[in-house]
Amino acid sequence: MTYTKKFSGYIRPDGKVGVRNHVAVISTVMCTGPIPQRIAEQVDGVVPITHPWCFAVRETLPILVGTAGNPNIGAVLLVTLGCEEVNAEDIADKIAKSKKPCRILNVRETGGTLRTIEEGIRIAQKMVQELSYKSKREDIDIAALNVGVKCGGSDGTSGLAANPSVGVAMDKLIGEGGGVIMAEPIEMVGAEEILAKRAINKKVQQKIKKIIRESLENYPGRESMVGVVKEKLISPGNIKGGLTTLTEKALGAVLKGGTSPIQGVLDYAELLPGKGLYIMNETGMHMTDVAICTAFFASGAEIVVMTTGVGTAIGSPIGPIIKVTGHPETFRKMEDNMDINAGAIFEENKTIPEVGEEIFEEIIRVASGKKTKAEILRYYEFAANRSF
Amino acid sequence: MKQWMILNQRDNVATAVCEIKKNTVLYIQEINKKIRIRQEIPLGHKFSLEQISRNKEILKYGEVIGKATRDIKEGEHVHIHNVTDPREHPAI
């Protein structure tokens, strides 16, 4: 099949394509102190990453490996304390096949935080300079792109404007050979049969139903909160706003992934094995918006598209998060944080296909270098999750 | 400015995107039909595009979102008072 749409991206030595060219300073545990942040303050082109879980290796290692291995990251500096279970050498080993420059600084061996910051600045400076002339954007098929889709701060407009429009854009992306990841099985309760029907085979079908059922069974405090669980899944606020059934709400949410067949179910932070639409599972503990976006990038998404009704400000150090709101007031009031106004469907009589096309074009522009509102303000939210 | 949206051509309900007063007559161009609205439809709520008999399916986004618990006339408010979600959620 021939694809026609192209974007301008960085082709990495391992063949993956990035939309950004960051130097990532990643602390393997927050106990090193704010070393990544201090280096980022002083070195242009550096993104700081840290997290608190030194012991949750099962979840944290894939997140950090996926983060460091993301093609948006041109070079990596790992900062380690030495006592944590998440091992810097492990991470460096696992991303070695990407052939990207990777250095490790041990705070204790280097002689404390101040010396580590100083040394880190020197290393990062060299890395940034090398990337600045060795990496060049080249024209490449949209098929190389992988996009995560998320909703946060949803309201009544989400299922009418933002999510359907993003779904149109995701169908176009997949039509061009790209990859899409959708998450939050708890939000799919009510639509499990409908989604399962779209699975490419019986195995995927069973997996979809299984993770949705389990997300409900694992809902925090469920044993004592059966009535409350039901209320939390479709709240009095939802009902007042016009949502009648859980299925209606779930459909409004899953619409953002588009209508493509579902290729498979990924574990939390599992690398995308191919193209098309995938659903990513959670860890045992329910995940925040930031943790899900972090997991999308760790799985290999270069861009995240996030719909919102009432507004959300989050960004990521790893890649662009394009904010789409269906609420025209939110777009006006939070213009600093919103990229696309799907509320034009209500106020300017635009259609869902029109806004969908606009979002698709914006994805190509952002992939080729256009910065999102959150990136320009350097919003670098990052969260690894754990299951206990 | 839009007053309603129909999300899929299979749907038998439309969603109001502004408050629609009782007795308003709407020309629904998507289905080439005039419909008289029988109750006030608040913003975000649904109204029927046709007569929906008791136990028949309510279709939105091209899928079954629930079933009518009583006969619903064309142009009626469609919500928790006349719709049930027939799917089982054993864990709830």
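Begin in chain B, where B:N55 sits in the loop that joins β5 (46-48) to β6 (57-60); bear in mind throughout that this is a predicted model. Most residues other than glycine have a negative phi, whereas phi of B:N55 is near 80°, a positive value.

With a relative accessibility of 62%, A:R378 counts as exposed.

Now select A:R20 and A:E375, whose closest N and O atoms are 2.7 Å apart in a salt bridge. This pair links distant parts of the chain, with A:R20 in the loop between β2 (17-18) and β3 (22-27) and A:E375 in helix α16, 355 residues apart. Both A:R20 and A:E375 are buried.

Continue to A:E357 and A:K172, a salt bridge with its closest N and O atoms 2.8 Å apart. Because A:E357 lies in helix α15 (residues 352-367) and A:K172 in helix α6 (residues 158-175), the pair ties together parts that are 185 residues apart in sequence. A:E357 is partly exposed, at 29% relative accessible area, and A:K172 is partly exposed, also at 29%.

For a further stop, select A:E329, A:R332, A:K333 and A:E347, which are linked in a network of salt bridges.

Finish at helix α11 (residues 246-254) of chain A, which is mostly covered, with eight of its nine residues buried; among them are A:L246, A:L251 and A:V254.

Key
Residues are numbered from 1 along each chain as its sequence is written. Chains are lettered from A and ligands numbered from 1 in the order in which they are written. This is a predicted model: local features need pLDDT of at least 70, side-chain atom pairs count only at pLDDT 80 or more; totals for chains, interfaces and linings use all residues. Side-chain values use heavy atoms; hydrogens and water are left out. Buried means under 20% relative accessible area, exposed over 50%, partly exposed in between (1.4 Å probe, protein chains only). Helices (H or I, at least four residues) and strands (E, at least two) are DSSP runs, numbered from the N terminus. A salt bridge is a side-chain nitrogen of Lys or Arg within 4 Å of a carboxyl oxygen of Asp or Glu.
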